[in-house]
Amino acid sequence: MTNGGDVVHGYPHLDTVRSAITALYRRLSPDGIRSYAPSVAPADVAFSDADDLHLGTQRVAHALVQQLRLPDARVIVSFHEMRHAAHVELTAGPEYFIELNNRFRTHRRDIGAALAHEITHVLLHRLGLSFPGTRDNEILTDTATTYLGAGWLLLDAFRQDRDSSQKLGYLTPEEFGYVLAKRALVFDEDPRIWFTSPQGYTSYTKGRTRALHDEQQPPLTTAGRAGRHRYARDRRHALDQPGRPAAGEAPARPGARETVWGPARDLARDMTRDATRGVGRDAGRDAAPPYAFERLPDGLRVSFPCPTCHQRIRVAVRGRVRVRCGLCGTVLDCDT
């Protein structure tokens, strides 16, 4: 886990974050995900200056082990001079050793945030779930920590004023807010009442706006007027060009699937680029749409990401239809 330095804002890791949510659903199943309700309670991880440092740390670690469903994991915490905020030694268990930066001796309110990230490393290690590369694996860890009910602590540890700033974890504050809002929508929670950091609260509200935007994209019936008009135009374009390949593609072989409008893979890239550059109040709104049309021998189909788990869904273009996501089970009203 890293800390300090200039705080990056926006959504530069959004594509990896969404992949991490999908990976959690695939590894844990929808029922497994729901077993992580409710989120860890603020009272269970509260840490005052009057508490004994080591006893209080072990108490908070135990609460997080329970939240992350690691009943047989014994976490031993020590404090050292180190460059990073924290480090965990991943072994076969049953004991896991976590080192915390010495600064947490006097910044005790953030011990829970540091432990949450490191204990999630233990969980993912036991699940055998990882992404290639240190960067993506740390993003997976932050996403899992947040989506499984302990990551609000990481966002609450974000504080910034004119002279200094502190942020724990690899996600930006807005990305933490986005994942936390995704969880809140699934579990019907309102994490806003837990924040002690004004900057954390603000970042959550921004991330929530982006999360709600995912649920307002065509072909979902909740899409706004502009999105519906754009979808109708793209669908008409796809229907009006039977047998013609997409721009830059070779003619399709008989019986093969042909993508006639496929900007979906570029969506997260464009949103990342716009958010990083700070384009507009709601960066990325004008990026390529998340849906793609495909022509099959039996007709036109549209694919789009599930707003809950981001697994891609493919359905026939035939008007209004109810669709159940095959991964998370979310039922969606669509107008294809």
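Tutor: Helices here are DSSP runs of H or I with at least four residues, strands are runs of E with at least two, and both are numbered from the N terminus. The model is predicted: local features need pLDDT of at least 70, side-chain atom pairs count only at pLDDT 80 or more, and totals for chains, interfaces and linings use all residues. Residues are numbered from 1 along each chain as its sequence is written, and side-chain values use heavy atoms, with hydrogens and water left out.

Helix α4 covers residues 111-127, which makes 17 residues. Its expected span (1.5 Å times one less than its number of residues) is 24 Å, and its end C-alpha atoms are 24 Å apart, so the two values agree. Of the 17 residues, 15 are buried, which means that α4 is largely enclosed by the rest of the structure.

In soluble globular proteins, nonpolar side chains tend to be buried together. I119 touches A61, L64, V65, L68, L70, V75 and I98, when residues up to four places away in sequence are not counted. A contact here requires heavy atoms within 4.5 Å.

The whole chain provides the setting for this helix. The protein chain has ten helices and eleven strands, and buried residues make up 52% of its 336 residues. Among contacts between residues at least 6 apart in sequence, 63% join residues at least 24 apart. The accessible surface comes to about 16100 Å², of which 48% belongs to carbon and sulfur atoms.

Charged pairs form a further part of the picture. A search of the whole structure finds 13 salt bridges, each being a side-chain nitrogen of Lys or Arg within 4 Å of a carboxyl oxygen of Asp or Glu. One of them joins the side chains of K182 and D214, at 2.8 Å from N to O. This pair links distant parts of the chain, since K182 belongs to helix α7 (residues 173-187) and D214 to helix α8, 32 residues apart. K182 is buried, with a relative accessible area of 3%, and D214 counts as buried at 12%. R18 is linked with K182 and D214 in a network of salt bridges.

R183 forms a salt bridge with E189, the closest N and O atoms being 3.1 Å apart. In this pair R183 counts as buried at 0% relative accessibility, and E189 counts as buried at 17%. A salt bridge also joins the side chains of D136 and R135, at 2.4 Å from N to O. Here D136 is partly exposed, with a relative accessible area of 23%, and R135 counts as partly exposed at 45%.

S29 has a positive phi of about 75° although it is not a glycine; S29 lies in helix α1 and is partly exposed, with a relative accessible area of 30%. H310, likewise not a glycine, has a positive phi of about 70°. H310 sits in the loop between β8 (299-305) and β9 (312-316), and it counts as buried at 13% relative accessibility.

Cis peptide bonds complete the account. One joins A37 and P38, with omega about -10°, and P38 is placed in the loop between α1 (14-34) and α2 (42-45). The peptide bond from P218 to P219 is cis as well, with omega near 10°, and P219 is found in the loop between α8 (198-214) and α9 (225-239).

Key
Buried < 20%, exposed > 50% of the residue type's maximum accessible area, 1.4 Å probe, protein only. Areas by Shrake-Rupley, 256 points an atom, 1.4 Å probe, with all protein chains shown as cover.
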